[in-house]
Amino acid sequence: MEEDEFLGEKTFQHYCAEFIKHSQQIGDGWEWKTSKDCSDGYMCKMHFQMKNGTIVSPPGTSADVQTCLPMEEASELPLDDFEVAETAAAAQVIKYEYHVLYSWSYQVPVLYFRASFLDGRPLALADIWEGVHDCYKTRLQQGPWDTITQQEHPLLGQPFFVLHPCKTSEFMTPVLKNSRKINRHVNYITSWLSIVGPVVGLNLPLSYARAASQDE
């Protein structure tokens with residue numbers, strides 16, 4: 001395997017640190033967490049959105065309910081009806097959780113993810129696919145996305161969906177070779193997440209790519 005087709009753990013952590021630094025600058029919510037039982041760590045993000053795709057504030061704020069019900073309509077509802085509407089709105093809020101870990105076996109990053117409603121009901125993979133934008137579906141169905149499976153999170157011991165890393169080198173190698181050809185710095189994590197993220201509703205702001213090109 002060529003050198004540019006895989007990452008060492010230290011290089012992985014370096015790219016994650018660059019990525020998280022920009023995330024903090026734009027308030028995108030990514031952070032680094034370490035395991036209590038070992039020195040291994042992972043990059044993670046959690047966000048909330050309505051089933052229809054509208055991004056909402058985390059539970060505990062009023063924004064996640066008010067996005068579903070115009071204020072003029074809410075003011076006209078009796079208290080009991082408003083509480084019902086509020087409960088129904090909360091029932092449609094989905095919590096997405098994304099973890100980026102390092103695979104020692106494949107020497108590439110791996111995306112673990114899970115999603116659930118606020119009442120704890122988990123989403124099946126078919127439900128997650130419903131949230132994928134149509135502009136991605138045709139291409140994704142022809143790509144390496146048939147390798148999505150459910151397995152135990154290696155650090156947390158909980159069930160997560162995972163995009164198996166067996167084909168990561170295959171689709172990342174052209175990206176790395178092209179960047180080297182035009183003498184442009186790329187952040188492996190940024191490029192990789194921009195490819196695999198959309199299939200599970202994770203879309204990166206364009207500023208990540210600009211930040212990566214500046215980190216020479």
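## Basis of the model

The model is predicted, so local features need pLDDT of at least 70 and side-chain atom pairs count only at pLDDT 80 or more, while totals for chains, interfaces and linings use all residues. Residues are numbered from 1 along each chain as its sequence is written, and side-chain values use heavy atoms, with hydrogens and water left out.

## Overall make-up

The protein has nine helices and seven strands. Helices (H or I, at least four residues) and strands (E, at least two) are DSSP runs, numbered from the N terminus. Of its 216 residues, 42% count as buried, meaning under 20% relative accessible area; exposed means over 50% and partly exposed lies in between (1.4 Å probe, protein chains only).

Among contacts (heavy atoms within 4.5 Å) with a separation of 6 or more, 59% are between residues 24 or more positions apart.

## Strand β7 and its partners

Strand β7 spans residues 159–163, and four of its five residues are buried. β7 pairs with β5 (residues 108–117) in the antiparallel sense over three bridges; two strands pair if DSSP finds at least two bridges between them. In this pairing Phe-161 of β7 is the bridge partner of Phe-113.

Strand β6 (residues 148–152) also runs antiparallel to β7, and five bridges join the two. Val-162 in β7 stands opposite Thr-149. The hairpin of β6 and β7 has six residues between the strands, and Gly-157 takes a positive phi near 70° there.

## Helices α7 and α8

Helix α7 (residues 168–181) packs against helix α8 (residues 188–196) at an angle of about 120°, with the axes 11 Å apart. Axes are lines fitted to C-alpha atoms, for helices over the stretch in contact, and angles run from 0 to 180 degrees between N-to-C directions. That angle makes α7 oblique to α8; angles under 35 degrees count as roughly parallel, over 145 as roughly antiparallel, 65 to 115 as roughly perpendicular and the rest as oblique.

On the α7 side, the contact is made by Thr-168, Phe-171, Met-172, Val-175 and Leu-176, which meet Tyr-188, Ser-191, Trp-192, Ile-195 and Val-196 in α8. These residues divide into eight nonpolar, two polar and no charged. Ala, Val, Leu, Ile, Met, Phe, Trp, Tyr, Cys and Pro count as nonpolar, Asp, Glu, Lys and Arg as charged, and the others, Gly among them, as polar.

## Trp-104

Trp-104 lies in the loop between β4 (93–103) and β5. Trp-104 is exposed, because its relative accessible area is 57%. Its C-alpha atom is separated by 9.4 Å from that of Leu-7, 97 residues apart along the chain.
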